[in-house]
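The structure under discussion is shown below.

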Amino acid sequence: MTGMLASVNSLEEARLVQQAAVDIIDLKQPEQGALGALPVAAVTEIVNALPQARISATIGDLPMRPEQILPAVRNMAATGVDYVKIGFFPDGDWLACVDALQAVAAQDIALIAVLFADTRPDFGIIAELRRAGFRGVMLDTMDKRCGSLTQLLSGAELDAFVAAARAQGMLTGLAGSLRLEDVPDLLELAPDYLGFRGALCQEHRRTAQLDLARIRRIRASWPAEANPAVHA
């Protein structure tokens, strides 16, 4: 069953998406980039304020260098979030970072790799992520000016990504400027999560304030039997 992930940048926004029964509250700062990070103190405050929520958090738009990635991951994991999201940006050494993070994953810290559709990533990295103990992998977009996920990749390519991750027993997620009209087709691919930010905001601007009506509209697009908000 596919869940809904909603990205927020504050406790106020986290409480707002909680009203719409989203499945994962994703903490990041859109003004700081594709996966801009919130301060660790702010993440800790949100985690402590919402003990029943399932929460993920990004570590920021960092180059793929172990000496930068490792401390950022450890600091974010120490907040108590359920998942730590790591963007696999084009620069740096992916395999060195994956190898270095194996020790972190072995400490039962749930790591989620984020690949970017606009960089045309090699899905072969998914098997390496699994060997290192990553819990899941998401497909997102890095440069929001290049179009949405569904504009950048075909349905067949998205299906191949989900299938590759599922074959490794990993959680899967699809995100990247997704809109209401994308939901039905993407649900057919059966990823574990669909992620949203811009579509939940006023004027569809990812740096604008969230709009509860938009959040509920997206949430209501799930089939009733798969949507806890329908029964709330």
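## The largest pocket

The largest pocket has a volume of about 230 Å³. Of its 19 lining residues, G176, S177, R197, G198 and R206 are the closest to the centre. Strands β1 (3-8), β6 (136-140) and β8 (193-196) are the elements that give two or more residues to this lining. By class, the lining residues divide into 6 nonpolar, 6 polar and 7 charged.

The model is predicted: local features need pLDDT of at least 70 and side-chain atom pairs count only at pLDDT 80 or more, while totals for chains, interfaces and linings use all residues. Residues are numbered from 1 along each chain as its sequence is written, and side-chain values use heavy atoms, with hydrogens and water left out.

## Terms for voids and elements

Voids are found on a 1 Å grid over the protein atoms alone: a cavity is a set of points where a 1.4 Å probe fits but cannot get out, and a pocket is an open set with protein on both sides within 12 Å along at least five of seven lines. Lining residues have an atom within 4 Å of a point. Grid points are joined across faces, edges and corners, and a volume is the space filled by probe spheres set on the points.

Helices (H or I, at least four residues) and strands (E, at least two) are DSSP runs, numbered from the N terminus. Ala, Val, Leu, Ile, Met, Phe, Trp, Tyr, Cys and Pro count as nonpolar, Asp, Glu, Lys and Arg as charged, and the others, Gly among them, as polar.

## The second pocket and the E13–R197 pair

The second largest pocket has a volume of about 170 Å³. Its lining consists of N9, E12, E13, L16, Q19, R197, Q202, T207, A208, Q209 and L210. These residues comprise 3 nonpolar, 5 polar and 3 charged.

Two of the lining residues, E13 and R197, have side chains that meet in a salt bridge at 2.8 Å, N to O. The term denotes a side-chain nitrogen of Lys or Arg within 4 Å of a carboxyl oxygen of Asp or Glu. This pair links distant parts of the chain: E13 belongs to helix α1 (residues 11-19), and R197 to the loop between β8 and α9 (212-219), 184 residues apart. E13 counts as buried at 10% relative accessibility, and R197 is buried with a relative accessible area of 6%. Buried means under 20% relative accessible area, exposed over 50%, and partly exposed in between (1.4 Å probe, protein chains only).

## Further salt bridges

The structure holds 9 salt bridges. Another of them joins the side chains of D26 and K85 at 3.2 Å, N to O. D26 lies in strand β2 (residues 24-27) and K85 in strand β4 (residues 83-87), so the pair ties together parts that are 59 residues apart in sequence. D26 is buried at 0% relative accessibility, and K85 is buried at 4%.

The side chains of D140 and K144 also meet in a salt bridge, at 3.1 Å, N to O. Here D140 is buried, with a relative accessible area of 3%, whereas K144 is partly exposed at 25% relative accessibility.

## The enclosed cavity

The structure holds 1 cavity of 30 Å³ or more. The largest cavity has a volume of about 100 Å³. It is lined by L5, I24, S56, Y83, K85, I112, V137, M138, L171, T172, G173 and Y193. The lining has 8 nonpolar, 3 polar and 1 charged residues.

T172, one of the lining residues, is found in strand β7. T172 is buried, with a relative accessible area of 4%. Leaving aside neighbours within four places in sequence, T172 is in contact (heavy atoms within 4.5 Å) with V137, V162, A165, R166, P191, D192 and Y193.

A117 is found in the loop between β5 (111-116) and α5 (125-131). This residue is buried, with a relative accessible area of 0%. Beyond its neighbours within four places in sequence, A117 is in contact with L139, D140, L149, L152 and L153. A117 and C97 are 20 residues apart in sequence and 20 Å apart in space, C-alpha to C-alpha.
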